[in-house]
Amino acid sequence: MRSEPTVNTVPQAWAQPVPPFKQRAMFVVVTEDHHDVLPWLHAAMRRKVLPLEGWRLVHVAAHPDLGALKDAAIITKPRELYAFLDDSEYGICEWILPLAYRGHCGAVDWVKPPFAAQFREGSYAFAVGADASGALKVDCDEAYFKEDGATAAGPLEGARPLALAVVAADAIAAAPPAGAWVLDVCLDYFACRDPFAGAPPGGRLCDPLPAGGAATADEAAAAVAALEAALAPTAARPPALVTIARSTLDGYCPADLVEGLEAAVVAAVGRLYGACVVVRDLEGTKAFDAAEVARAFPQTPARKRPRHVT
């Protein structure tokens, strides 16, 4: 069934009341590859910084990153999933739907730049599950999913609902997110290049990738300032954590702008949310270090694993 978007709407869940926010230093992680934020999100759930279910991902990026894995079973094995994403040429765009399939993330707000057009602005509701072959699929026939071969032809097993909102940055200012949420920023939102200069050869994607945004350091600084202004109303209900992906080694964010963009975004987060604990995890390994995780989320006890009853 086709999911028709409701144009220029804001998800109603953004307005839901939440418990009072307990002040703590904001954790900010900077990765190179975008999928390397996934172990940190899992760590945040283990440390009770995020709930296990139902939180919102505010995904500020040039790409929606809603690619579907061909093997849904691997999603239940985190270490294998991380290795798969590392090895996959599409790993940088396949890390969000696994969170939806496990029920962790119930809503994604893709905050897109003006030059990105993979989805029309609006709200979409669909299910994420495994088809008869074991592949991860969605019951949505939007062109983005059809092109990726992700639209289900039959019923889905273990299906979970996902609410997708495709919005411009000013929608955040109009209705700040409520409840538990994560601010996820890819630096290609501000300046993006198409590393393939057209459709990727021999791959799953047929259409050219979006490109646009800042061309100079001054334009990049202005773009960060505009996003900071849009996020200003969220200061009263900050995110649980902030993840930042550089996406420069894969050719998306220009190398001559990435350092300035990273510094500007981290500084903006500090002005918005106060004191920060910043971890640069450019190799994608620090989330597996217990000491690094403890530094990232101090004074937050880990969830206890249930004992097996014999």
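Predicted model: local features only at pLDDT ≥ 70, side-chain atom pairs only at ≥ 80, totals over all residues.
Biologist: Thanks! Where does Arg295 fall, then, with its relative accessible area?

Modeller: Arg295 has a relative accessible area of 42%, so this residue is partly exposed. Glu292 comes out at 17% and therefore counts as buried. The side chains of these two residues meet in a salt bridge, 3.6 Å from N to O.

Biologist: How far apart are Glu292 and Arg295 in helix 8?

Modeller: They sit three residues apart in helix 8 (residues 290-296), so about one helical turn separates them.

Biologist: And which residues do salt bridges with shared partners join into one network?

Modeller: That network is made up of Glu32, Arg246, Glu259, Glu262 and Arg280.

Biologist: How should I read a salt bridge in general, and how many does a search of the whole structure find?

Modeller: The general idea is that side chains of opposite charge can pair when their charged atoms come close. Here, the search of the whole structure turns up nine salt bridges. One of them joins the side chains of Arg120 and Glu142, at 3.6 Å from N to O.

Biologist: Which parts does the pair of Arg120 and Glu142 tie together?

Modeller: Arg120 belongs to the loop between strand 3 (105-111) and strand 4 (122-130), while Glu142 is in the loop between strand 5 (136-138) and helix 4 (143-147), so the pair ties together parts 22 residues apart in sequence. Arg120 is partly exposed at 41% relative accessible area, whereas Glu142 is buried at 6%.

Biologist: What about Arg246 and Glu262, are they buried or exposed?

Modeller: Both Arg246 and Glu262 are buried. Their side chains meet in a salt bridge of 2.5 Å, N to O. This one links distant parts of the chain, 16 residues apart: Arg246 is in the loop between strand 10 (241-245) and helix 7 (255-273), and Glu262 is in helix 7.

Biologist: Now the sheet. What is the order of its nine strands?

Modeller: In general, strands of a sheet pair through backbone hydrogen bonds, either parallel or antiparallel. In this case the nine strands form an open sheet in the order 5-4-6-3-2-7-10-1-11, with mixed pairing. Strand 5 and strand 11 (276-281) are at the edges with a single partner strand each, so one side of each has no neighbour in the sheet. On average, neighbouring strands are turned by 20° against each other, direction ignored.

Biologist: In which sense do strand 1 and strand 10 pair?

Modeller: Strand 1 (residues 26-31) pairs with strand 10 in the parallel sense, over four bridges. To find your bearings there, look for Val29, which stands opposite Thr243 in strand 10.

Methods. Residues numbered from 1 in each chain as written. Heavy atoms only, no water. Salt bridge = Lys/Arg side-chain N within 4 Å of Asp/Glu carboxyl O. Helix = DSSP H or I, 4+ residues; strand = E, 2+ residues; numbered from the N terminus. Buried < 20%, exposed > 50% of the residue type's maximum accessible area, 1.4 Å probe, protein only. Pairing = 2+ DSSP bridges. Axes fitted to C-alpha atoms, helices over the stretch in contact; angles between N-to-C directions.
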